[in-house]
4 protein chains.
Amino acid sequence: MATNSFGNIFRITTFGESHGKAIGVVIDGCPAGLELSDDEINAALALRAPGNSPFTSKRKEPDVGEILSGVFEGKTTGSPICFLIRNQDHNSAHYEPIKDLVRPGHANSTYIQKYGVFDYRGGGRASARETACRVAAGAVAKKVLAHYCVSITACLKQPTEDQLTHVMAEGDSLGGIIEFVAEGLPCGLGDPVYEKLEANLACAMLSLPATKGFEIDAGFSCVSMKGSEHNKLPSGTLGGISTGKPLIGRVACKPTSSIKIPQATTTLEGKPATFVLPEGSRHDPCVAIRAVPVVEAMAALVLVDALLLNRCVRL
Amino acid sequence: MATNSFGNIFRITTFGESHGKAIGVVIDGCPAGLELSDDEINAALALRAPGNSPFTSKRKEPDVGEILSGVFEGKTTGSPICFLIRNQDHNSAHYEPIKDLVRPGHANSTYIQKYGVFDYRGGGRASARETACRVAAGAVAKKVLAHYCVSITACLKQPTEDQLTHVMAEGDSLGGIIEFVAEGLPCGLGDPVYEKLEANLACAMLSLPATKGFEIDAGFSCVSMKGSEHNKLPSGTLGGISTGKPLIGRVACKPTSSIKIPQATTTLEGKPATFVLPEGSRHDPCVAIRAVPVVEAMAALVLVDALLLNRCVRL
Amino acid sequence: MATNSFGNIFRITTFGESHGKAIGVVIDGCPAGLELSDDEINAALALRAPGNSPFTSKRKEPDVGEILSGVFEGKTTGSPICFLIRNQDHNSAHYEPIKDLVRPGHANSTYIQKYGVFDYRGGGRASARETACRVAAGAVAKKVLAHYCVSITACLKQPTEDQLTHVMAEGDSLGGIIEFVAEGLPCGLGDPVYEKLEANLACAMLSLPATKGFEIDAGFSCVSMKGSEHNKLPSGTLGGISTGKPLIGRVACKPTSSIKIPQATTTLEGKPATFVLPEGSRHDPCVAIRAVPVVEAMAALVLVDALLLNRCVRL
Amino acid sequence: MATNSFGNIFRITTFGESHGKAIGVVIDGCPAGLELSDDEINAALALRAPGNSPFTSKRKEPDVGEILSGVFEGKTTGSPICFLIRNQDHNSAHYEPIKDLVRPGHANSTYIQKYGVFDYRGGGRASARETACRVAAGAVAKKVLAHYCVSITACLKQPTEDQLTHVMAEGDSLGGIIEFVAEGLPCGLGDPVYEKLEANLACAMLSLPATKGFEIDAGFSCVSMKGSEHNKLPSGTLGGISTGKPLIGRVACKPTSSIKIPQATTTLEGKPATFVLPEGSRHDPCVAIRAVPVVEAMAALVLVDALLLNRCVRL
């Protein structure tokens, strides 16, 4: 069912586990004629890299990848673009002691129940590391959008650095909110009924690890407004179709599940146990920080897809 | 691009405009062997019908449809099920005077810009009337789920009836929140990475007219929690896969755009104008009321699809 | 899995059984702005209707349908077009006596094994009647193509009318070959790798009942040619992409399975039995005759889809 | 539009050009729990490798690839499997002199017209080299099928070795026919209406480079048969659904376009020119020889997909 793919016309397929040999993405449907280089994608990856902030985990891996296909003489050819990142820093031994425990807030237990097997090293396929592939693909999407004067920027709305310093000292973690704005969108992008722009954005954002909510425009705050009031607000979409005004969305991230405080849990068989984060394992006190460029990337993927699809709606 | 379709294995395609000849849905992929009758679907539609509450619009149309295909001797055959509802109460003349105005909060302007044409009668394809088809399909989905002991219930969390009485007297409208709970879900439904259960639910909910936000579990409230606190909460999904615990989601609806108060607007060409809701046109002070069974239906569609798809994951 | 749908951008979904209430098709993705009326589609259906030739079955049903949605003031709106044909002439009692027999060359036994149930009346979903929906959709596709000066014509290459007279007198049937030609195609339609034009045409044709083969250009005759000879022939596609030259294909149809001669068979439980075609049941001595407009329709559906999709390949 | 993907549940996406850095395939939807190693896939690739026969081209490249993801402790995990083959033997300078010529029977001219650019080195994306990825994925599909006692074997039916020796001496080429047989298929695989087993097989085979026709069962020979005669033949499918009997198909391949005889052509701008195959460039006198394992692979991909999808059809 291509559950590792996203998008219709501009469609990505990602693969790879956190501590496997490599992760990567295949971009199918990128228009031909776009100038593209390894460096541009690697620059986008650098923004997501751990260690950019005092509040992100210490994995030193540079996340440098290479384009394997789909680019010829510096331009896209219309053929699928594979971008591959070899994994380097994977000391999987850390994960051995905890492989039989239910990790609080983690996917290992559901994966095991679903598949009967789980690559437990570093979260395997469920790791946030998969989002590097989204950022790589998003860099390409953003470049196509830029060609049409569409830009997307995201930022962390919450928490503050003070709150982070505090929670980090406790070995604990905090949730967060990321906001993105797309500007320069022409009117008419997005499709009725089930491919409304906000529907695809919602899907994109909730497909990210650790996200728990999405809202567009005034979002949840509109539930207490009156129509006479709300109708006056600018709206990024109407009927699922872009209005030409800035499109604003927000994503809610839960607090990082991996914390330095020991937690009560069970073994996979259900016996009580204590979960202690392995020595040397990475720890982000707030996943939302590193998710900022990923949110940007996902928004770009949705919008570029809508942009291309919109070419087909009129005779 | 099948933008009027939803789902993978259990897949619906809807058609029809508010004031056209009929609306309908084709359900492809419903398992064979399910007992199904017109009456059951019509009973589900009755719950969504206008006039059930003092706060819903007065369109008297009974919304009675018929199964045209896919059922033989009272059981589904595995062939596509078409359910058709003929439109009856459509006095489209109401809409003639406003056809050249930008309707505040409505999709007519974006549709016209996208397609160069818009069936302006009653909102056309963008009308909430399309959701009757979702409820019809959802009734079938719920019946399949019930066979596997999965139930879904939704309710209006906000506003109160007092607030509604107030706003109705003013000719104004209010937003609202709908909450749904899915119970009895086995562990293991939902698929990494881009078909996470919450991603598909988010897409489903934001594909509904007038929705502005979606959240799962603690949702936006988790952004201020600590990991040590949040990890203790029950979670309907982990890594996008159902845990076996109740799955809870909430949907934010904006206030109804059509209000009885005259509003400043422009013509489609951009000249200033006043928008006055046509005499006799329907008016719901809170769209969230009638969206409750629709939210249930959409949740059911997502879950039945995940249930079927989950049969393919192991050797 | 949407197994009753065909196409990507211009996508059809068909429903309905031969002797059910109705058959129909939903066309999603037809460009907005196309003039379209019931009459045009019904005219296309009339060409497929039984009774047009002395060699086609006598079902008198006029096959008149109506557009239920997606057309406003005589033009397509970009919303899904549902075209519905009510069934009229369905004396299902004919089929009662044979419902427990394996019908030679028919799908009833495989459907029952697959689904545990089969709407045996007139072939149910497996009936060639479903192809009326393809013709209806094909009429719309052909109109879009005509707008771009692309035309498709099909004809019966084999058998001759003499052969048919002969075999009809025997109560037997014959296979046949249908050839189609698409002219006016621009260069560049069709997509590597798995959406090659000939791949989608092959899929389209082999999805028709009773077809056993498809070939493009010189087809099977090229297997005995030398490269120096074959390279000189005109080719409708190269690398799956249209060359701008006429595109020619041929479809092989098996002889009609329903013949007037009694045949040895078994019951569904496996006991020996004799299959006798019910009195009054329809009988075409050569299914290929009525398949001619259906082949045209399927070719049109593939080509219109490729035409639209081709808008997305360049920056 | 994911035109480089094939399949629904068991879905492959291929990437890479003949003379680029690498080619590869991502398999999404392979059931968890299948034992799988690099060696098994490489063994399948070895069967397709050039140089296995006196009649295949001399590219010495060993085609050894590696699994990058989706396998943990020797078993598939349900996560996407990426298999990557680095290109080694690519002397692209050969292609420089002919880059501005229309290559007779080749896709370079249509690609350029479609995309405005073409990676001309060795045929780029249009090269038969892409089929190595299909063989790799087919090896996995065949292993899943073997688990359910389904086997597929293909062979070259035409031409003879004598014919090949002859044509090779002339520097010319010949077409060919490949036949495959699937045995052990349970009854019930394949889906009405547009996902009939033969429709998907036809699509699979015509998506291969140089193929011009596909037939199932008696194929084109049935067009001269009578119903009374044809109904007695065993049939691999009825109504698009497997019968449980062996399923037999045949694929027609055109003669290799690249021949050693100089040919009249034009430049891409349309001026007359002579096309001479570059010194040292590979030359297969009959592409059908190396296509045998590819046909097997494509049949396996179709059948494994049908096998998995069939799990969803009943309550």
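These legends go with close-up views of a predicted model.

**View 1. Helices H3 and H7 of chain C cross each other.** Let us start inside chain C. Helix H3(C) covers residues 131-147, and helix H7(C) covers residues 287-309. Their axes come within 7 Å and cross at roughly 50 degrees. H3(C) and H7(C) are therefore oblique to each other. Their crossing is left-handed.

**View 2. Residues of H3(C) meet residues of H7(C).** Here we look at the side of each helix that takes part in the contact. From H3(C) come Thr131(C), Arg134(C), Val135(C), Ala137(C), Gly138(C), Ala141(C), Lys142(C), Val144(C) and Leu145(C). Among their partners in H7(C) you can find Pro293(C), Glu296(C), Met298(C), Leu301(C) and Leu307(C). Sorted by kind, the residues of this contact between H3(C) and H7(C) comprise 14 nonpolar, two polar and three charged.

**View 3. Chain D and chain C share an interface.** Now we move on to where two chains come together. Chain D gives 91 residues to the contact, and chain C gives 92 residues. About 6900 Å² is buried between the two chains, with carbon and sulfur atoms giving 61% of that area. On the chain D side, look for Lys114(D), Tyr194(D) and Lys212(D): these lose the most area to chain C, together 14% of what that side buries.

**View 4. A salt bridge links Glu170(D) with Lys226(C).** How far apart are the closest N and O atoms of this pair? They lie 2.9 Å apart. Across the interface of chain D and chain C there are six salt bridges.

Notes: Residues numbered from 1 in each chain as written. Chains lettered and ligands numbered in written order. Predicted model: local features only at pLDDT ≥ 70, side-chain atom pairs only at ≥ 80, totals over all residues. Heavy atoms only, no water. Axes fitted to C-alpha atoms, helices over the stretch in contact; angles between N-to-C directions. Helix = DSSP H or I, 4+ residues; strand = E, 2+ residues; numbered from the N terminus. Parallel < 35°, antiparallel > 145°, perpendicular 65-115°, else oblique. Left-handed = near helix turned anticlockwise from the far one by under 90°. Contact = heavy atoms within 4.5 Å. Nonpolar A, V, L, I, M, F, W, Y, C, P; charged D, E, K, R; others polar. Buried area = accessible area lost by both parts, 1.4 Å probe. Salt bridge = Lys/Arg side-chain N within 4 Å of Asp/Glu carboxyl O.
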